[in-house]
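Morning, everyone. I have one structure to walk you through today. Please put it up on the screen.

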Amino acid sequence: MQTIRTEPTAARWPARYTILTLCFLAAFICYIDRVNISVAVLAMQERFGWSETVKGFVLSSFFIGYMLFQVPSGYLANRYGGKWVLGVAVAWWSLFTVITPFAALSLPLLIAARIGMGLGEAAMFPGAYNLFGRWIPLAERSRSVALLLSGVPIGNVVALLSSGWLVAHYGWPSAFYVFGAMGVIWVIVWIVCAYDNPLDNPRLSADERALLAPLQSTRAPAQAAPDVPWRKLLALPPVWALIVNHFCSNWGLYMLLAWLPSYFRKAQGFSIEYAGLYSAAPWLIMFLTINLSGWLADALIRRGVDLTLIRKGMQTFGLVGSSTCLLLASSAASPLISVLLMCGALGALGFTWSGFLPNHLDIAPRYAGVLMGITNTAGTIPGIFAVQITGWLVDVSGSYHMAFALTAAVNLLGLVVWLLFGTAKRVMD
């Protein structure tokens, strides 16, 4: 009897999962390289005699470069494709990670190195979103974006756990050398495995080719990418709802990213090593809630629940829950309660990442990378001002109460704008 050979499409690892996994790993490396200084800076502060205000400036300087290159990186990804933009970006920021200990010998050089590192990391999410517009079907977008973004908290967890140990046993420069090397390995794998256009991938199965072919209306970079309708994009109220919510949601994210170890160290009395250890717990909870909310959102989509209602519900739960926990944490009665409340603050914030962050792909999938660059520019401003203002408020008041109250107010402002103007309907073809 003749055996008929069929293509084993069901058993084959889908090519889009490779892109998704590598983008997740890039986000993971991005935040390891970004966060290690939040722990190392405690030893650097003692070594160089910085005040809290100077330390805040060192931590916030990264976001100057990060903000400046958001929109240009989104444009470049739209023009030339996410593969090369993201690959060059990882190589660039890994280099600046490695040279940070040398730059730290001079405060101006350290500030310049942090700004340079920010320029590279600016392309992380615009490059990934550009690829997702062609690689990720609508029914998988919430959980795919959730997985991509979960590289942020899991990168924080690994950085906080390992940075404290590295600093304690091998000195603060070791944290920059070890993590910078990881990016070099990633770049080599990325060059071999990544494709801008799914249809160019020879390992794409027939089933996956049929699934992804309709998404190629976003056009591959080799096919004369369309000009970006900047004026039309910026005239749309849902775009401004995204811009405002990226700013407001990131205020709490970046404030805690930079200051959580210092809060546990100064306000709760932990050692440097344990400040990093306990700071990891809230980010681990956030990793879980990001993915939980992504799966929940996609499950609700499959059940036919209105997508706008899903995005607004996730954003509401996240911002209200995070604000409540931060307000309670400002007067936490014990170190254990403070850790639990910070777990609640970041865990709730994780739900917003199935609210506003997939919305770029909902309302303008062809320009999702560009739109991410626009909104993440606004989302980077808190990295400069929230981090710096927090240091000033702590110096002035001697506690974190005012900083946490300000963050809660910013969260509630974002929620009002989102409920009034946010939508998941496509507004740009």
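One term before we start: contact here means heavy atoms within 4.5 Å. Also, keep in mind that this is a predicted model.

Met124 is then in contact with Cys23, Ala26, Ala27, Cys30, Leu86, Trp93 and Leu148. Met124 also belongs to the largest nonpolar core, which has 129 residues. Within that core, Met124, Phe125 and Trp283 touch the most other members. Which helix supplies the largest share of this core? Helix H1, residues 15–48, with 20 residues.

Now step back to the whole chain. The protein chain has 18 helices and 0 strands. Its C-alpha trace spans about 75 × 50 × 45 Å along the principal axes. With 429 residues, a compact globule would have a radius of gyration near 22 Å. The protein chain has 21 Å, so the two agree. Buried residues make up 60% of the 429.

On to salt bridges. How many does the structure hold? There are 6. I'll take three of them.

Start with Arg16 and Glu140. Their closest N and O atoms are 2.9 Å apart. Arg16 lies in helix H1, and Glu140 lies in the loop between helix H6 and helix H7, so the pair ties together parts that are 124 residues apart in sequence. Are these two residues buried or exposed? Arg16 has a relative accessible area of 8%, so it is buried. Glu140 is buried too, at 14%.

Next, Arg34 and Glu121. This salt bridge has its closest N and O atoms 3.0 Å apart. Arg34 is in helix H1 and Glu121 is in helix H5, residues 107–121. That pair links distant parts of the chain, 87 residues apart. Arg34 counts as buried, because its relative accessibility is 3% and the cut-off is under 20%. Glu121 is buried at 0%.

Then Asp298 and Arg143. Their side chains meet in a salt bridge, 3.0 Å from N to O. Asp298 counts as buried, at 0% relative accessibility. There is also a network: salt bridges that share partners join Arg16, Glu140 and Glu208.

Stay with helix H13 for a moment. It covers residues 272–302, and Thr289 sits in it. Thr289 is buried, with a relative accessible area of 12%. Not counting residues up to four places away in sequence, Thr289 touches Leu346, Gly347, Gly350 and Phe351.

Last stop, the surface. The protein chain exposes about 16,500 Å², and carbon and sulfur atoms supply 70% of that. Which residues form a nonpolar patch there? Leu95, Ile99, Phe102 and Tyr177, with about 380 Å² of accessible area together. Helix H4, residues 82–103, gives the most to the patch, with 3 residues. Phe102 has its place in helix H4. Phe102 is exposed, because its relative accessible area is 54% and exposed means over 50%.

That's the tour. Thanks, everyone.

Key. Residues numbered from 1 in each chain as written. Predicted model: local features only at pLDDT ≥ 70, side-chain atom pairs only at ≥ 80, totals over all residues. Heavy atoms only, no water. Patch = residues over 30% accessible without salt bridge, like charges linked within 9 Å, V, L, I, M, F, W, Y side chains within 5 Å. Areas by Shrake-Rupley, 256 points an atom, 1.4 Å probe, with all protein chains shown as cover. Salt bridge = Lys/Arg side-chain N within 4 Å of Asp/Glu carboxyl O. Helix = DSSP H or I, 4+ residues; strand = E, 2+ residues; numbered from the N terminus. Buried < 20%, exposed > 50% of the residue type's maximum accessible area, 1.4 Å probe, protein only. Core = buried A, V, L, I, M, F, W, Y, C linked by side-chain atoms within 4.5 Å. Rg over C-alpha atoms; globule rule 2.2 N^0.38 Å.
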